[in-house]
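Below are some short notes for a colleague who is opening this entry for the first time. Please read them next to the sequence and the structure.

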Amino acid sequence: MSASGPLNEAERAVYEWQLDVPGFGEEGQSRLKEASVLVSRLGGLGGVVAYELAAAGIGRLVLAHGGEVVPSDLNRQLLMTHEWLGRPRIECATARLLELNPRLEIEALGENINEGNAARLVGEADVIVDCAPLFAERFLLNREAVRQSKPMVECAMYELEAHVTTILPGRTPCLACLFPSDPPAWRRKFPVFGAVSGAVGCLAAMEAIKLIASLGEPLLGRLLAFDTRSMAFHTATIQRRAGCPVCGEATGSPLGGG
Amino acid sequence: MKITVRFSAQLRAAAGEAARTVEATEGATVQEVIQEIAELYGNGFRSLLLDSEAVLQPSVLVFADGEQVLWDSPAPLRSDQTLIITTPIAGG
């Protein structure tokens with residue numbers, strides 16, 4: 001992560017409500033300004049993550065999302081709009097984010113995470129937020145995050161339920177510890193409300209902010225699960241898997257002090 | 001002793017209910033109760049939960065009292081304990 005830079009008056013005016021958060025202040029805001037976050041896909045989850053990070057004053061977003069806006073995006077993908085139907089999602093998302101925060105620097109790639117781009121995109125970020133629907137993409141991002149020792153926030157949803165956890169390579173379970181193989185029953189299209197993906201997207205954005213600003217206690221080695229049917233939330237400890245082929249040899253992570 | 005098992009994500013849909021309370025013998029393990037539960041809802045539910053050798057599918061997560069239970073570490077149950085079992089979910 002780069003050294004913290006001072007805030008200017010315009011930035012103080014925008015962020016004055018959060019500058020008063022105990023333990024955050026100008027130091028925390030400056031850390032956000034100097035930080036770069038990779039968000040993999042900008043759908044119901046990632047779009048909300050990116051929007052909240054843009055609002056919070058993150059300095060740079062690295063965004064990866066392929067395809068064009070289709071009608072079925074619009075129940076949950078809050079960065080996409082009716083006006084942009086048929087046009088590239090990445091361009092729509094970039095435009096929306098810059099409307100909110102014109103100071104934001106964006107590197108936008110109109111494709112999803114793949115073998116050809118994963119190492120470079122992870123290398124450009126201080127923190128990664130994995131919001132992809134396909135486990136092949138998620139495993140690839142996990143592998144690169146562990147290899148480059150980058151913290152990664154994992155978030156997911158299904159129907160009215162959602163999960164979030166934060167991975168510090170070498171200190172916490174990685175995604176392959178939790179899910180050692182591609183789940184055969186998982187399908188690309190699954191039932192979900194936008195309010196559910198949005199809720200977990202906000203939590204994931206908060207995890208990224210906490211990691212960057214050294215604020216509070218990230219979900220390290222813990223999985224937060226919630227069910228909006230009953231509004232039941234629970235947190236459970238999770239374990240590294242002995243002999244994990246991805247993180248078995250990893251120790252420590254730059255933002256975790258490990 | 002009574003054990004409550006809560007189902008999450010695809011398991012809940014396959015079971016058609018959110019939870020089931022079962023009667024387990026004293027000294028029963030988490031693994032034994034899961035193998036019993038696997039037979040209650042038909043093949044779709046069973047295949048989400050266990051492989052053909054009645055071993056937990058590798059990406060299914062099991063929690064007891066807020067801690068993950070690994071299949072290879074037999075975990076004794078206590079009366080009135082609640083288990084949570086979830087299949088993997090993703091973003092989108």
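**Notes on a glycine and the salt bridges**

1. A:Gly198 is buried, as its relative accessible area is 12%. This is a predicted model. The residue A:Gly198 belongs to helix α8 of chain A, which covers residues 194-213. Leaving aside residues up to four places away in sequence, A:Gly198 touches A:Gly44 and A:Val48. From A:Gly198 to A:Val62 the C-alpha atoms are 20 Å apart, and the two residues are 136 apart in sequence.

2. Over all chains, the structure holds 23 salt bridges. One of them joins the side chains of A:Glu107 and A:Arg60, at 2.9 Å from N to O. This pair links distant parts of the chain: A:Glu107 sits in strand β3 (residues 105-109) and A:Arg60 in strand β2 (residues 60-64) of chain A, 47 residues apart.

3. A:Arg60 is buried, with a relative accessible area of 18%. The side chain of A:Arg60 also meets that of A:Glu124 in a salt bridge of 3.0 Å, N to O. Here the partners are 64 residues apart, with A:Glu124 in the loop between α5 (118-123) and β4 (127-130) of chain A. A:Glu124 is partly exposed, at 25% relative accessible area.

4. In chain B, the side chains of B:Glu23 and B:Lys2 form a salt bridge (3.3 Å, N to O). B:Glu23 is in strand β2 (residues 19-23) and B:Lys2 in strand β1 (residues 2-8), so the pair ties together parts 21 residues apart in sequence. B:Lys2 is partly exposed, at 47% relative accessibility.

Notes
Residues are numbered from 1 along each chain as its sequence is written. Chains are lettered from A and ligands numbered from 1 in the order in which they are written. This is a predicted model: local features need pLDDT of at least 70, side-chain atom pairs count only at pLDDT 80 or more; totals for chains, interfaces and linings use all residues. Side-chain values use heavy atoms; hydrogens and water are left out. Helices (H or I, at least four residues) and strands (E, at least two) are DSSP runs, numbered from the N terminus. Buried means under 20% relative accessible area, exposed over 50%, partly exposed in between (1.4 Å probe, protein chains only). Contact means heavy atoms within 4.5 Å. A salt bridge is a side-chain nitrogen of Lys or Arg within 4 Å of a carboxyl oxygen of Asp or Glu.
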